[in-house]
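User: I'd like to go through this model side chain by side chain. Can you take my questions as they come?
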Amino acid sequence: MRKSLFIAATLLAASACMAQKTTDKTAFEINLNDAEVVGTRAPLPADKAVRLVQVINRQDIEASSANSVNDLLKLAAGVDVRQRGGFGIQTDIGVNGGTEDQLTVLLNGINISNPHTGHLTVDLPVSVDDIERIEVIEGGASRIYGSQAFAGAINIVTRTESRSNAGAHMQGGSYGTWGGNAHVALKNAHFNNRVSGAYTQSDGANGNDDFKKSNAYWNGHYTSRLFDATLQAGMSRMDYGANTFYGTGSNSQYEEDRRYLLAAQAEYKGRVRVPVQVYWNRSLDHYVWWRANPSAYQNFHQTNVYGANANAYTTWALGKTAIGFEFRRENILSTRLGKEISEADRHKYKVPGHDEYYKYKDGRSNVGLYLEHDILLNQLTISLGVLANHNTAVSGGMHLYPGIDLSWRMTNRWKLFASFNQSLRTPTYTDLYYNGPGLQGNTKLKPEKSTDWHLGVSYVDNFLRLQAKGFYRHGTDMIDWVKYTNATVYTTANSNIDNVGAEALVDLNFTDIWGSSSFLQRLTLSYCYNYKFRVDEEQTANYASRLTFLRHKFVSSLRHRICKQISAQWDFTLKNRDGEFENVKTNQRQSYGTYGTLDLKVQWQTPHYTLYAQANNLTSHAYYDFANIEQPGIWFMAGAKCHFDF
């Protein structure tokens with residue numbers, strides 16, 4: 001029935017185009033020299049960038065069949081997206097072999113990473129329709145984005161409208177899934193405000209993986225001759241059946257997550273540019289082992305993170321110089337994680353909305369001082385920087401983490417990149433304190449430290465974009481869940497783990513040759529190879545590890561026209577994941593192995609309306625991203641969007 005509906009929707013879209021003329025053309029042009037890119041403390045024009053930054057732009061977002069930010073990131077070969085359910089319900093994201101805890105996630109430049117656990121980092125207050133682009137910075141970036149940008153950083157940039165408008169989006173499909181979102185944007189000479197909200201729910205594809213998710217977001221901009229200011233506020237809510245997410249002893253786990261964000265940014269636009277930001281975000285997590293009997297085993301966690309970041313940069317005869325300061329405070333209240341609260345004080349720490357009290361708490365402060373200088377020559381850009389960092393949970397006072405990035409423009413189209421960077425990551429509160437079925441934290445963990453080397457080359461013109469790079473990460477005191485010989489539980493431990501890999505991309509824009517009316521629009525092929533290995537053989541002999549990683553990932557995206565206003569995009573992803581698990585259905589060891597998924601989206605677009613039909617995992621292939629959590633088969637969705645200026 002689902003396949004019949006999808007075929008019918010496709011045929012309906014194709015028949016509608018027969019009456020359309022094919023004479024209109026739309027220009028596709030990117031001025032690389034005018035754009036500014038991330039990757040340094042002081043913004044640089046794209047033609048002088050010192051890093052290979054992967055960008056998923058608005059055109060990519062609209063063409064894809066992505067239902068969440070996590071789905072969008074699947075299009076980047078260097079990003080490992082491991083989902084525990086559909087629509088991005090609790091997803092772990094890693095970059096270039098890193099884990100979900102080794103990644104910094106930013107929303108419009110604001111660090112929203114969660115110190116409780118990386119599992120919750122991408123619980124976002126925005127939907128796919130709110131996003132203008134996603135910037136993926138691969139490799140150690142502590143001297144740019146702070147100490148936790150260990151293996152990379154992802155910056156999600158929301159939309160800023162060019163005129164006042166309103167829009168709505170409704171969709172529905174398989175497994176009782178339905179939802180929608182809406183927005184209103186108001187703009188005048190100085191102010192630009194955009195307010196949005198979204199809701200989605202589903203019965204789920206497999207047992208006990210139903211969900212309800214909602215979010216609301218406001219982003220306001222003020223622009224004047226002397227300074228720009230931005231204020232953003234958002235909230236997200238997710239309630240979902242957690243199946244066997246955290247262990248096979250219960251298939252009726254359940255979780256509720258709440259996320260709140262408030263941030264302000266301003267930038268003085270004098271000869272010395274001075275951007276400043278302050279932020280606060282709160283996360284509330286309620287986890288239940290038995291959904292029908294919560295009181296049998298449940299955890300409550302609350303994190304409050306607030307911080308301030310000030311930067312100053314200027315251009316002078318010898319290049320661009322930036323200095324910066326960052327303060328970040330991370331607090332947690334929990335029924336399980338942290339240092340015990342005395343019984344006399346527990347009445348002060350009530351769990352919001354429940355007749356429970358937090359029993360544990362902890363907190364730490366991080367101070368970072370940044371210095372960077374960029375040398376901009378005709379064909380060469382060199383970025384030298386250092387982070388001086390002190391965390392109250394780490395002994396030894398200030399620690400230095402230097403780095404150097406350079407790009408050599410061999411011709412107008414060819415560039416060579418090279419970099420060396422050192423980074424660190426403090427353990428999450430789950431790493432330190434968690435004590436549950438089969439798992440035990442370790443309060444004696446040391447911070448992770450890494451040294452990264454990257455070497456890459458790129459070629460860019462209007463029709464063709466090529467990228468290739470190799471990377472090597474030497475990791476010291478890396479944190480992993482291990483089971484010691486004769487032990488019955490997994491615990492966190494430090495060990496030395498290295499990472500080596502390579503990545504390549506080919507991007508063809510056919511509209512530059514044949515115009516916007518051509519059948520073929522765009523073809524992207526990308527591949528990433530990654531290998532992780534322990535340096536110390538004695539460590540390997542003493543314990544078994546839960547270490548898994550994505551060894552191979554290949555992504556192919558083809559966008560083509562069916563007729564003037566109807567287009568289609570095919571996204572194929574092939575993965576090979578190292579590691580194996582005990583399959584509770586077969587009682588046998590099973591490797592993750594190699595698996596592929598095919599997604600398709602067909603849409604009819606006009607300036608004010610869009611109708612679409614899409615299918616994820618079109619071949620209904622069975623596969624696992626996590627042990628014993630089988631991913632959904634074919635997931636069909638159809639929807640409509642409208643958009644009006646006023």
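User: Which residues does Ile134 touch, leaving out those up to four places away in sequence?
Analyst: Ile134 touches Gln54, Val55, Ile56, Val69, Leu72, Leu73, Ile154, Asn155 and Ile156. Contact here means heavy atoms within 4.5 Å. This is a predicted model: local features need pLDDT of at least 70, side-chain atom pairs count only at pLDDT 80 or more, and totals for chains, interfaces and linings use all residues. Residues are numbered from 1 along each chain as its sequence is written, and side-chain values use heavy atoms, with hydrogens and water left out.

User: Which residues touch the most other members of the largest nonpolar core?
Analyst: Leu73, Val79, Ile134, Ile154 and Ile156 do, in a core of 30 residues. A nonpolar core is a set of buried Ala, Val, Leu, Ile, Met, Phe, Trp, Tyr and Cys residues joined through side-chain atoms within 4.5 Å. Buried means under 20% relative accessible area, exposed over 50%, and partly exposed in between (1.4 Å probe, protein chains only).

User: Which elements give two or more residues to this core?
Analyst: Helix 3 (69–73), strand 4 (79–83), strand 5 (91–95), strand 6 (103–107), strand 8 (131–138), strand 9 (152–158) and strand 15 (253–269). Helices (H or I, at least four residues) and strands (E, at least two) are DSSP runs, numbered from the N terminus.

User: What about a second core, which residues does that include?
Analyst: Tyr287, Tyr429, Leu432 and Leu439 are among its 13 residues, and this core is separate.

User: OK, surface now. Which residues make the nonpolar patch?
Analyst: Leu231, Leu262, Trp280 and Tyr306 make a patch of about 340 Å². Patch residues have over 30% relative accessible area and no salt bridge; like charges are joined within 9 Å, nonpolar side chains (Val, Leu, Ile, Met, Phe, Trp, Tyr) within 5 Å. Accessible areas come from the Shrake-Rupley method with a 1.4 Å probe, and for residues only the protein chains shown count as cover.

User: Where is Leu262 found?
Analyst: In strand 15. Leu262 counts as partly exposed because its relative accessibility is 43%.

User: Switching to rings. How many aromatic pairs are there?
Analyst: The count comes to 20. Rings of Phe, Tyr and Trp (its six-membered ring) pair if their centres lie within 6.5 Å; planes under 30 degrees apart count as stacked, over 60 as edge-to-face and the rest as tilted. One of the pairs is Phe87 with Trp635, tilted, at 5.6 Å centre to centre and 55° between the planes.

User: Where do Phe87 and Trp635 sit in the chain?
Analyst: Phe87 is in the loop between strand 4 and strand 5, Trp635 in strand 37 (residues 635–645).

User: Now salt bridges. How many does a search of the whole structure find?
Analyst: It finds 39. A salt bridge is a side-chain nitrogen of Lys or Arg within 4 Å of a carboxyl oxygen of Asp or Glu.

User: What does Asp60 form a salt bridge with?
Analyst: Arg522, with the closest N and O atoms 2.5 Å apart. Asp60 is in helix 2 and Arg522 in strand 29 (residues 520–534), 462 residues apart. Both are buried.

User: Which residues are in the network with Asp60?
Analyst: Arg465, Asp507, Arg522 and Arg559 are linked with Asp60 in a network of salt bridges.

User: And Arg58, which side chain does it meet?
Analyst: Arg58 meets Glu62 in a salt bridge (3.3 Å, N to O). They are four residues apart in helix 2 (residues 58–63), so about one helical turn separates them. Arg58 is buried, at 10% relative accessible area. Glu62 is partly exposed, at 28%.

User: Last topic, backbone. What is phi of Asn486?
Analyst: About 70°, a positive value although Asn486 is not a glycine. Asn486 lies in the loop between strand 27 (464–484) and strand 28 (490–509). With a relative accessible area of 79%, Asn486 is exposed.

User: And Asn208, what is its phi?
Analyst: Near 55°, also positive in a residue other than glycine. Asn208 is in the loop between strand 12 and strand 13 (211–223). Asn208 is buried, with a relative accessible area of 18%.
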